[in-house]
Amino acid sequence: MNLLERNKLGSRLRPVLSGLARTVLFALILILSCTFKVAKDPGVLIMQINSEPGILNPILATDSNAYQVLGYIYETLLDLDNETLEYKPLLAESWEVSEDHHTYTFNLRKDVKWQDGYPFTADDIIYSYSVIMDPKVDAAVYRAGLGDIENVEKLSDHSVKFVYKKPYFRGLLVCGGISIVPKHIFDDGTDFNKHPANRNPIGTGPYIFKEWKTKRKIVLESNGSYWKKPPELKGLVFQIIEDSTVPLQQLKKGEIDMAELRAIQWERSTGSRAFNARFNKVKYYLPQYSYIGWNIKKPFFSDARVRRAMSMMIDKQKILEKLSFGLGIVVEGPQYYFSDSYGHNIKPDPFDPKAAAKLLDEAGWIDHDGDGIRDKDGIPFKFDYCYVASSVSASRIGTMLREDLSKTGIVMNMKGLEFNALIKVIDERSFDAITLAWSVPFENDPYQLWHSSQIEDGSNYVGFSNKEADEVIEAIRVEFDKEKRDELYKRLQMILHIEQPYTFLFNPATLLAYSKRFTNVKLYKVGVDIREWGIDTTVVSE
């Protein structure tokens, strides 16, 4: 996912988004005879991020919290329209694509300046591309995504050309979303990975970096010299709040202006007349999904019948109701549920332990020695379920699954790991089963997750290999007709449904509450866009 997609998702996700990673305020007001406190400056929006960003450089950043901040400081050549999700001009005022889809030419705006007043030119793009492709720079994942670009050429100070080695359906998005940093700041002989500007960013966007108080907050202020109309909000404050139970408390106290809610908070703590007099609530769905991945190289899960049986022993709707009050969607595929590429006719297998037991029998997993545990070739069906130890939902899903599996002769051990330890077992391919979640672009390339060439070093860590799936994925990458590409996506979804390398779980709802002090808040399919927000000037602050 490149900067354009992360900016879109980051400016709507936690609290905003826009294209996958893509936020609130106060005053004294009398509502229903109830007075409440607001931030001292009503023009500043205070919001949460759930952990400290690692770095504020769009080329080096890897965490969603960093991109949530960076999306207001840095910009890309193209943007995605909030309503249509189609490309539109941003730093590039126009572009051309060659008929053979090998060449992408961008004509840059001539009125854009970096926030220190230095002109933005094609040199910044050429420099940024060279940095990304430099093996000494800590951008290996990003670099891999640009591997099919043959070269980037400066045509003039305000024109640049990207040349692809071969056609690629996401070529325009990759080029138009490339992360751009100021050459005059970074190209000074300092190690790019350790440059001071990584904590003091200078971009072209609507907000300027002001301060970063470690473990407390990051503060941005409105860019009064922004090349477009400056934002109406005077500033944005990102409070670092790691405990997910705290933001709602701070919202009610007037210490922050917007909070992402947990499902239980949405249902039980935000329905009062007093709360709804002060705050609005919105619900939307980002392109993301949770899943359980089965390591196909392990003897337990090498047979598709077993993987399908495992899926049939998970009562997804019951879990969704118990854990999230039904605030989510059960999914059966990797594409965004609300896109034309998702096959809505492909339904998850129903919860059916008896049918699952029959599939296990057919696959040879039978209790041969009468000890109550299924076995095959002398191997008892005992496996580890790995998950992030701090994830309450993953733990509860595992607990419910373990109980159901025990009834059919399968032993599942719960193995909660710290995140870095979980990544280690993924990299080593040493896990049995693992539960995580993916945030995906709106127009997703399934190659890295599902192509057999990505089993060893890519993200296909479950070891899925299917000749037809490989052919479909390769066809998707060179198909520029959207309707035809959507049909290929649906075919891939059907293959995954049959093979069940993942048990797809849920697309969770993103739940947001924000102060009614803000105006022009529009709910799009994938969230809200804070860059559009205004302030009710009739509201005064203490």
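Which residues in helix 16 meet which residues in helix 17? The first legend takes this up. The model shown is predicted.

**View 1. Helix 16 packs against helix 17.** Helix 16 spans residues 467-477, and helix 17 spans residues 482-499. From helix 16 come Glu468, Ala469, Val472, Ile473, Ala475 and Ile476. They meet Arg485, Leu488, Tyr489, Arg491, Leu492 and Ile495 of helix 17. Nine of the residues in this contact are nonpolar, three are charged and no polar ones take part. The two axes come within 9 Å and cross at roughly 160°. Angles over 145 degrees count as roughly antiparallel, so helix 16 and helix 17 are roughly antiparallel to each other. Their crossing is left-handed.

**View 2. Helix 10 meets helix 12.** Look for residues 304-312 in helix 10 and residues 353-362 in helix 12. Their axes lie 8 Å apart, and the packing angle is about 165°. Helix 10 and helix 12 are therefore roughly antiparallel to each other. The crossing of this pair is left-handed. On the helix 10 side, the contact uses Arg305, Val306, Arg308, Ala309 and Met312. On the helix 12 side are Pro353, Ala355, Ala356, Leu359, Leu360 and Glu362. By type, the contact holds eight nonpolar and three charged residues, with no polar ones.

**View 3. Helix 11 crosses helix 13.** Helix 11 covers residues 316-324, and helix 13 covers residues 392-406. The axes come within 11 Å and cross at roughly 140°. That angle makes helix 11 oblique to helix 13. The crossing is right-handed. Lys318, Ile319, Lys322 and Leu323 of helix 11 touch helix 13 through Ser393, Arg396, Ile397 and Met400.

**View 4. Domain 1 contacts domain 2.** The protein is divided into domain 1 (74-189), domain 2 (207-285 + 510-535) and domain 3 (288-508). This view takes domain 1 and domain 2. Their centres, taken over C-alpha atoms, are separated by 30 Å. Domain 1 gives 11 residues to the contact, and domain 2 gives 12 residues. Between them, the two domains bury about 910 Å². Of that area, 51% is on carbon and sulfur atoms. Which residues of domain 1 lose the most area to domain 2? They are Glu75, Asn82 and Gln115, which together account for 52% of what that side buries.

Notes
Residues are numbered from 1 along each chain as its sequence is written. This is a predicted model: local features need pLDDT of at least 70, side-chain atom pairs count only at pLDDT 80 or more; totals for chains, interfaces and linings use all residues. Side-chain values use heavy atoms; hydrogens and water are left out. Axes are lines fitted to C-alpha atoms, for helices over the stretch in contact, and angles run from 0 to 180 degrees between N-to-C directions. Helices (H or I, at least four residues) and strands (E, at least two) are DSSP runs, numbered from the N terminus. Angles under 35 degrees count as roughly parallel, over 145 as roughly antiparallel, 65 to 115 as roughly perpendicular and the rest as oblique. A crossing is left-handed if the near helix is turned anticlockwise from the far one by less than a right angle, and right-handed if clockwise. Contact means heavy atoms within 4.5 Å. Domain bounds come from an automatic or database domain assignment. Buried area is the accessible area (1.4 Å probe) that two parts lose on being put together, summed over both. Ala, Val, Leu, Ile, Met, Phe, Trp, Tyr, Cys and Pro count as nonpolar, Asp, Glu, Lys and Arg as charged, and the others, Gly among them, as polar.
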